[in-house]
Amino acid sequence: MVEELLTAAIAAGVGVAAYTVAAARVVKQYERGVVFRFGRLRQGVRAPGFTLVVPVVDRLRKVNMQIVTMPVPAQEGITRDNVTVRVDAVVYFRVVDPADAIVEVEDYRFAVSQMAQTSLRSIIGKSDLDDLLSNREQLNQGLELMIDSPAIGWGVQIDRVEIKDVSLPETMKRSMARQAEADRERRARVINADAELQASKKLAEAAEVMSEQPAALQLRLLQTVVAVAAEKNSTLVLPFPVELLRFLERAAPPPAAPSAAPPQVAADPGAGAPPADAPPTDELAADEPAAVEPSAGEPSAGEPEGAAPGRPAIGAPDADGPSPTAG
């Protein structure tokens, strides 16, 4: 009897041990367990640790709760400004509801991957090339919203979506390089012109100050000579400013004005009267320049001919006879 009891106890112990081994499950810390009994979802999610299920009746599905990093294959598309580009991205997501991730979708990883690819193509078609290159933060947020909207019903939460690289055609790269060079050259010219303007203003102020004190120009010239001589060159270039010439011109006394007296006309002492064929005195006065001082023995332009010496005046008494009348 005792042997039978001992044998039954051993058999029961072996059966319990076999049942425990068949029913025992271990759920890791980063996992959650979902139990199906006869194909129906059991309420409640098995926590990490040791758990038991009914053998043959229950089936345990483990779901990884870690953040999954999924690369999105490069997608080729045409932007809104008609530029062909290839864009690849990466998606970070994790499961927040293990039951929905198992029941609502067949393979949530594959579903998220396909949704990411279609959303990336849609973002490429809605964006310009400049936005893809410089405004990636806004595009990442838009892409995250497009993927996260259907993923909520799958028990999946999208953490981040990042655009990794944008591949451009070689012709477009050369065009962008030329555009960047032209823009940098334009900015360099503007900066140089601004510097010239500021320098011209400062030089104008310095010239105004030096114009008040001409000696300052001499001091500045001497400073320039000292600076040039300090280099120990065999040739010394001495600048000679134009302002120094103007200063010397202003300092020089003005030249004396020439005399305006007309030249003296030498008279022939033997000629008391003009010859018979000479033109009248009035015509001579009209042809000759004015203000000719008469010499001795010649009548002036304003006196009558009779007043000339050696020639009697009209109406004067004659020594040999009576004076003629005026008629």
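This is a predicted model: local features need pLDDT of at least 70, side-chain atom pairs count only at pLDDT 80 or more; totals for chains, interfaces and linings use all residues.
User: What share of the protein chain's residues is buried?

Analyst: Of the 327 residues, 20% are buried. The chain exposes about 23,700 Å², with carbon and sulfur atoms supplying 58% of that area.

User: And what about contacts between residues at least 24 apart?

Analyst: Take the contacts between residues at least 6 apart in sequence: 65% of them join residues at least 24 apart.

User: OK, helices. Which residues of H3 are buried?

Analyst: The buried ones in H3 are Tyr 108, Ala 111, Val 112, Ser 113, Ala 116, Gln 117, Ser 119, Leu 120, Ile 123 and Ile 124.

User: What covers them?

Analyst: The cover over the buried residues of H3 includes strands E5 (58–64), E6 (68–78), E7 (84–95) and E8 (156–167), plus helices H2 (98–103) and H5 (136–151).

User: How far apart are the end C-alpha atoms of H3?

Analyst: They're 27 Å apart. H3 runs over residues 108–126, so its 19 residues should span 27 Å at 1.5 Å a residue, and the two values agree.

User: You mentioned H5. Is Asn 140 buried or exposed?

Analyst: Asn 140, which sits in helix H5, is buried because its relative accessible area is 5%, and the cut-off for buried is under 20%.

User: What does Asn 140 touch?

Analyst: Leaving out residues up to four places away in sequence, Asn 140 touches Val 161, Glu 162 and Ile 163.

User: Switching to H6 and H7. At what angle do their axes cross?

Analyst: Roughly 120 degrees, and the axes come within 4 Å. H6 covers residues 170–212 and H7 covers residues 214–229. On the H6 side the contact is made by Met 210, Ser 211 and Glu 212, and on the H7 side by Pro 214, Ala 216, Leu 217 and Arg 220.

User: How do those contact residues divide by type?

Analyst: Four are nonpolar, one is polar and two are charged.

User: Now strands. What's the order in the open sheet of three?

Analyst: The order is E3-E2-E5, and the pairing is antiparallel. The edge strands are E3 (40–41) and E5, since each pairs on one side only.

User: How many bridges join E2 and E3?

Analyst: Two, in the antiparallel sense, with E2 being residues 31–37. Arg 37 stands opposite Arg 40 in E3.

User: And how many bridges between E6 and E7?

Analyst: Nine, again antiparallel. Thr 69 faces Tyr 92 in E7. The two strands form a hairpin with five residues between them, and Asn 82 in the turn has a positive phi of about 60 degrees.

User: Last one: where is Val 45 found?

Analyst: In the loop between E3 and strand E4 (49–52). Val 45 has a relative accessible area of 43%, so it counts as partly exposed, as that value falls between the 20% and 50% cut-offs.

User: What is Val 45 in contact with?

Analyst: Setting aside neighbours within four places in sequence, Val 45 is in contact with Arg 32, Gly 33 and Pro 98. Val 45 and Arg 32 are 13 residues apart in sequence, and their C-alpha atoms are 6.5 Å apart in space.

Terms used:
Residues are numbered from 1 along each chain as its sequence is written. Side-chain values use heavy atoms; hydrogens and water are left out. Axes are lines fitted to C-alpha atoms, for helices over the stretch in contact, and angles run from 0 to 180 degrees between N-to-C directions. Contact means heavy atoms within 4.5 Å. Ala, Val, Leu, Ile, Met, Phe, Trp, Tyr, Cys and Pro count as nonpolar, Asp, Glu, Lys and Arg as charged, and the others, Gly among them, as polar. The expected span of a helix is 1.5 Å times one less than its number of residues. Buried means under 20% relative accessible area, exposed over 50%, partly exposed in between (1.4 Å probe, protein chains only). Accessible areas come from the Shrake-Rupley method with a 1.4 Å probe; for residues, only the protein chains shown count as cover.
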